[in-house]
Amino acid sequence: MVIVGDGSRLALELARRAPAALYPNPLGRTSEAPTFHVTSGRPVVVLDGPSFEDALAPLEHLLGHRVHDGLLVIVPCDEEQAPRVPLLAGGYPKSSILVLSLPSAARPVEAPDALLPFALLGRAPAGVFPEEDALRRAGLVSGPIEGEVVCLAGEAARRASIERASDEQIVAAAIDRRRALTTILELRGEPLEGLAPRSARELVDPWSLIRRGIALSPTAVEWLVARAEALLPTSGDDAATILELLARDDAQRGEHARAVTRLREAEQRARDPAQRSRLQVALGVVTGDDEWFRAAVELAPDRPNVVRRWARTLDLHDRAEEALERLAEQKGDSPAGTAATQMLAAAIARSREEPERAIALAERAARERMAIGDVRGSLRSQQLVMTLLIEGDRRDEARRLAGACAALAETIGDGATIGYARWVLGALADIDADPHAALAHYRAAIEGYEADGAPVPDRLLEALRPRAHDLGDPTPERDRVRLSVIPQR
């Protein structure tokens with residue numbers, strides 16, 4: 001949920017009413033996803049803070065992990081930041097993001113000259129600027145948090161402070177030139193020559209800003225790329241970072257041969273194992289050579305996610321999909337890794353409207369997981385097959401698979417699969433005008449979800465409500481409605 005306007009109080013109230021809630025510290029350094037043990041209702045995570053970037057830092061991590069089926073993530077922000085939330089959420093479907101706009105009373109913007117360095121940096125080391133105490137008393141900056149002071153002024157005040165300042169004042173206030181340059185690019189749109197990076201560590205990656213929803217003009221992109229080129233001869237150990245940035249620019253311009261040359265040199269110079277693995281995956285994506293993937297897997301076994309991250313970085317989505325499909329065809333050393341790749345390839349095939357290929361890949365993943373004794377993982381893969389069969393109106397096959405999965409899940413006590421499979425069987429019984437069988441399946445589904453400590457989906461509870469028209473003969477329209485209650489995997 002995105003709350004546009006003065007939404008912090010509403011977010012806090014929603015959090016108070018939730019069975020469990022979390023307000024992450026915007027300056028916290030933890031990367032662990034929270035855990036919620038909630039059997040009813042929806043847990044809430046509120047991503048709020050004076051710095052939009054810091055507040056939303058946990059978003060991708062939250063959405064990339066199965067924290068809780070009913071998790072509600074609330075983001076209070078202003079009108080200018082709201083369109084960026086779907087971009088920052090990665091591949092999360094926009095249709096699942098609710099935007100709520102609140103009316104806000106016009107208030108005068110308080111932006112004294114002393115606010116400039118904090119407006120530029122978002123946060124600054126405590127005790128560096130003499131005006132800090134006065135700004136704290138005015139409520140415009142925080143007290144020290146882990147040795148840093150956070151700007152509490154809103155976006156309008158930060159913008160007013162920066163727009164009023166001269167270029168010389170901005171350069172003088174920019175003790176962190178990289179962060180200050182990022183703010184100028186975000187709020188002014190064009191670079192400031194006085195903030196030109198003097199080292200690789202001060203360089204701003206234009207494609208990272210664009211992925212975060214910060215619109216850059218072609219002039220700004222060219223300026224940043226030119227500064228990277230100028231820094232390369234003296235970059236030393238940071239050369240790999242600059243070469244990777246330049247390779248992304250080459251790829252954006254369609255100069256893939258040049259991108260490969262840069263990536264090869266960057267991979268040779270990289271000292272950090274994670275960066276080296278990422279560059280090897282990039283070379284696999286760009287060249288189509290699976291040897292690079294095999295080298296990368298030794299450093300990063302989580303190869304599907306590595307490919308996705310690089311695809312997002314390089315904006316070579318089609319090539320990444322081809323790479324994932326090639327990987328899915330291979331019999332790797334790790335059956336679990338092969339199955340994970342096959343499931344990702346199945347999702348790609350489904351999005352391309354290739355259901356038969358998606359079913360085949362998901363079925364293979366299920367067999368791989370069963371072969372290594374991962375029965376629960378195998379059942380999860382078969383849930384996707386069930387959904388694809390339903391989407392293809394192959395009800396008899398879906399019924400047989402759901403029955404087999406329910407029986408196996410009941411044997412091993414897998415409540416989540418019991419819930420899903422029984423839900424499917426109940427919906428299919430509904431279509432066959434067998435309300436008694438449907439009711440029995442729905443109740444078994446609820447028991448399955450509750451046994452796993454998972455919230456019972458509202459649509460499943462809705463399916464239990466008695467309906468007078470259930471006594472009538474089936475119709476195509478009623479079949480469509482009944483199938484719509486089946487959860488999509």
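1. Basis of the values. The model is predicted, so that local features need pLDDT of at least 70 and side-chain atom pairs count only at pLDDT 80 or more, whereas totals for chains, interfaces and linings use all residues. Residues are numbered from 1 along each chain as its sequence is written, and side-chain values use heavy atoms, with hydrogens and water left out.

2. Overall make-up. The chain holds 25 helices and 7 strands, where helices (H or I, at least four residues) and strands (E, at least two) are DSSP runs numbered from the N terminus. Of its 489 residues, 48% count as buried; buried means under 20% relative accessible area, exposed over 50%, and partly exposed in between, with a 1.4 Å probe and protein chains only. The accessible surface of the chain comes to about 23,900 Å², and 52% of that belongs to carbon and sulfur atoms, with areas taken from the Shrake-Rupley method with a 1.4 Å probe and, for residues, only the protein chains shown counting as cover. Among contacts (heavy atoms within 4.5 Å) between residues at least 6 apart in sequence, 61% join residues at least 24 apart.

3. Five strands form an open sheet in the order 2-3-4-1-5, with parallel pairing; two strands pair if DSSP finds at least two bridges between them. Strand 2 (21–22) and strand 5 (99–101) stand at the edges with a single partner strand each, so one side of each is left without a neighbour in the sheet.

4. Pairings within the sheet. Strand 1 (residues 2–4) runs parallel to strand 5 and is joined to that strand by 3 bridges, with Leu100 in strand 5 as the bridge partner of Ile3. Strand 1 also pairs with strand 4 in the parallel sense over 3 bridges, and here Val2 has Val75 as its bridge partner. A further 3 bridges join strand 3 (residues 44–46) to strand 4 in parallel, where Val45 stands opposite Val73.

5. Cover of strand 4. In strand 4 (residues 72–77), 6 of the 6 residues are buried.

6. Helix 13. Which residues does Glu267 touch, not counting residues up to four places away in sequence? Glu267, which lies in helix 13 (residues 256–269), touches Arg276, Leu279, Gln280, Leu283 and Trp292, and Glu267 counts as buried because its relative accessibility is 8%. His256 is found in helix 13 as well, but His256 is partly exposed, with a relative accessible area of 21%. The C-alpha atoms of His256 and Val286 are separated by 7.3 Å, although these residues are 30 apart along the chain.

7. Most residues other than glycine have a negative phi.
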